Amino acid sequence: MTIERNARLRDVQSWGDFFRFDIDAPAAGREARPGQFVMVKVAEGPDPLLRRPLGIHDAGRDGLELFFKVAGRGTEILSRKKPGDRLDLVGPLGRGFTVDGRMKGRTAYLVGGGRGIAPLYFLARALVAAGAKPVVFYGGRTAAEVPLRDKFERAGFEILASTDDGSLGFPGFVTELADREMAKAKPDIVYACGPDPMMKALAAGAAKRGVPCELSLESMMGCGIGACWGCVHRVKTEGGDGWVKICEEGPVFSGERVLWPE
Amino acid sequence: MAGMTKTVDLTVDLGFLKLRNPVLAASGTFGYGLEFEPYLDLEKLGGFVVKGLYYGPREGNPPPRLVETAGGLINAIGLQGIGVEAFAAKVLPKLRRFDTAVIVNVCGADDDEYAAVVEFLDRQEGLAAYELNISCPNVKKEGACPALSPRATFDLVRRLKAASRRPLITKLSPNVTSIVEIAQAAEEAGTDAVALVNTFLAMAVDLETRRPKLGNVYGGLSGPAIKPIALRMVHQVASRLRVPVIGMGGIMTGADALEFLVAGAAAVEVGTASFVDPDAAVRVVAGIERWCEAHGVGAVREVVGTLELN
């Protein structure tokens with residue numbers, strides 16, 4: 001965990017509302033694990049006040065990449081940054097996906113909706129390095145909302161896309177596509193990132209088929225470091241259930257732990 | 001002489017507690033302290049106030065718990081926490097390693113629970129003082145809390161002062177007609193200091209759904225947006241009380257902190273800034289030091305209460 005106050009933005013790539021930042025932040029890049037995030041300062045002054053949590057899209061010895069969608073004023077301001085600009089970020093933070101030697105020879109389904117694809121590229125690379133076989137499911141509302149499809153293909157990952165409007169790939173939700181494939185060939189594990197309704201549907205599908213899953217939950221965050229207790233989600237705990245901090249105990253949780261509001 | 005910097009004396013003496021410098025990290029924004037160890041040297045702070053503790057663990061409010069507003073943040077966490085027994089068993093032994101003032105923010109659903117928390121903590125070592133949280137707006141309906149009433153404030157402070165072996169700092173609510181009246185009630189009851197202000201009762205509306213943005217409907221506003229009001233209240237209270245005032249509300253920089261000191265605060269707390277920059281509190285200390293150096297101020301306590309009225 002470091003504070004990088006002066007990380008140089010090396011490259012910016014954009015597709016409509018989606019942006020990929022390549023950042024010169026070697027210390028954070030070396031430390032980062034798939035599923036972790038960074039807190040990025042938006043403005044110099046007090047408005048917008050808070051940092052924005054962004055999932056780490058890829059990382060390595062020379063820095064890290066972020067992928068995000070403009071979702072409000074903070075990310076809109078961030079999206080106007082240009083190569084050469086400086087970023088102020090805290091991270092890497094949180095507990096990421098479980099990837100270790102036990103994944104050797106196993107098949108993993110990686111399911112991402114919209115901006116939720118962000119951490120799955122880094123995860124897919126780590127799984128391949130661990131000897132596993134990742135299959136990526138990538139959903140968006142329209143063909144324009146699955147901009148990273150080519151990148152996954154070029155990297156040699158098996159990728160299945162879906163769009164709600166049927167303009168590309170499977171017509172329907174990515175959860176339906178993943179469920180259909182799970183029915184054909186049961187994976188050893190499912191990893192997912194996306195909005196709550198998608199996580200809930202996916203966890204239910206995986207549980208029904210007896211497949212373990214890990215979910216990366218999204219939330220607005222005040223600090224990202226466990227101090228404000230603002231980003232809670234209800235999960236099973238030792239003594240029953242309770243609100244736990246997504247930034248500290250997550251953002252990745254075992255699917256069977258996560259509870260959903262009625 | 002060129003190249004020589006005079007060191008600024010940053011120490012302040014609250015009477016009951018000497019601090020290395022006038023900057024405390026504020027309760028509710030600094031976790032239990034240890035969360036910040038990767039980002040700053042806890043011994044470079046005047047001290048810190050750990051998150052509010054009830055006797056037992058507390059569940060907190062349903063999300064959403066936070067909403068960002070212009071220059072500020074509304075929170076409705078609801079004092080989720082581990083309780084004093086878990087704090088004493090798991091956290092306090094680690095905090096004792098640090099040479100810094102550790103203050104516990106004391107909560108209670110009723111006067112008896114406040115007393116029970118103090119009684120339990122009195123049996124633990126390694127604490128400098130208690131900050132009585134009589135002003136959290138997020139735990140009862142529509143922000144109700146003892147700090148809204150001079151009588152309730154007086155009764156609770158008097159009872160806890162009699163029971164406690166440690167100094168008491170009473171943390172006040174700004175959601176009152178006259179904060180001076182409440183501060184005076186706390187002083188008459190024997191508080192060793194007052195701390196102000198807690199957050200302003202506030203709300204945010206989602207226009208599209210026409211629903212409150214917070215799960216708790218109302219929450220407490222903090223951050224730079226509240227600084228001018230907090231500063232006015234600190235000035236009013238410091239002008240009328242004999243006991244020291246600890247000022248807070250939207251402090252982001254050394255200059256902000258110094259404004260509170262000039263207005264009469266003997267020390268300050270840095271709150272929401274720690275969310276934005278985990279090392280904000282030590283940056284505030286450094287900012288105070290630089291300003292004093294640049295202005296030929298040899299000891300920071302010399303600026304306290306130096307506001308000249310027009």
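**Briefing: chain contact, domains and core**

In this predicted model, the contact between chains A and B takes 21 residues from chain A and 28 residues from chain B. Chain A itself divides into two domains, domain 1 (2–93) and domain 2 (101–218). The largest nonpolar core has 194 residues.

**Chain B side of the contact**
- Three elements of chain B each give at least two residues to the side that touches chain A: β5 (66–69), β6 (72–75) and α7 (273–276).
- By class, this side of chain B has 14 nonpolar residues, nine polar and five charged.

**Domains of chain A**
- The C-alpha centres of domain 1 and domain 2 of chain A are 23 Å apart.
- Domain 1 of chain A puts 13 residues into the contact between them, and domain 2 of chain A puts in twelve.
- On the domain 1 side, β4 (52–60) and β5 (63–69) of chain A each supply at least two residues.
- The largest share of that side, five residues, is from β4(A).
- The domain 1 side that touches domain 2 of chain A splits into seven nonpolar, four polar and two charged residues.

- Nonpolar side chains tend to be buried together in soluble globular proteins.
- Within the largest core here, the residues with the most contacts are L110(A), V194(B), V234(B), I246(B), A265(B) and V268(B).
- Helix α3 (residues 118–129) of chain A provides the largest share of this core, eight residues.
- Domain 1 (2–93) and domain 2 (101–218) of chain A each contribute at least three residues to this core.
- Leaving aside neighbours within four places in sequence, V194(B) contacts residues including I169(B), L172(B), A183(B), V237(B) and L241(B).

Key:
Residues are numbered from 1 along each chain as its sequence is written. Chains are lettered from A and ligands numbered from 1 in the order in which they are written. This is a predicted model: local features need pLDDT of at least 70, side-chain atom pairs count only at pLDDT 80 or more; totals for chains, interfaces and linings use all residues. Two residues are in contact if their C-beta atoms, placed from the backbone, lie within 7 Å. Helices (H or I, at least four residues) and strands (E, at least two) are DSSP runs, numbered from the N terminus. Ala, Val, Leu, Ile, Met, Phe, Trp, Tyr, Cys and Pro count as nonpolar, Asp, Glu, Lys and Arg as charged, and the others, Gly among them, as polar. Domain bounds come from an automatic or database domain assignment. A nonpolar core is a set of buried Ala, Val, Leu, Ile, Met, Phe, Trp, Tyr and Cys residues joined through C-beta atoms within 7 Å. A residue is buried if 20 or more other C-beta atoms lie within 10 Å of its own, exposed if 12 or fewer, and partly exposed in between; C-beta atoms are placed from the backbone.
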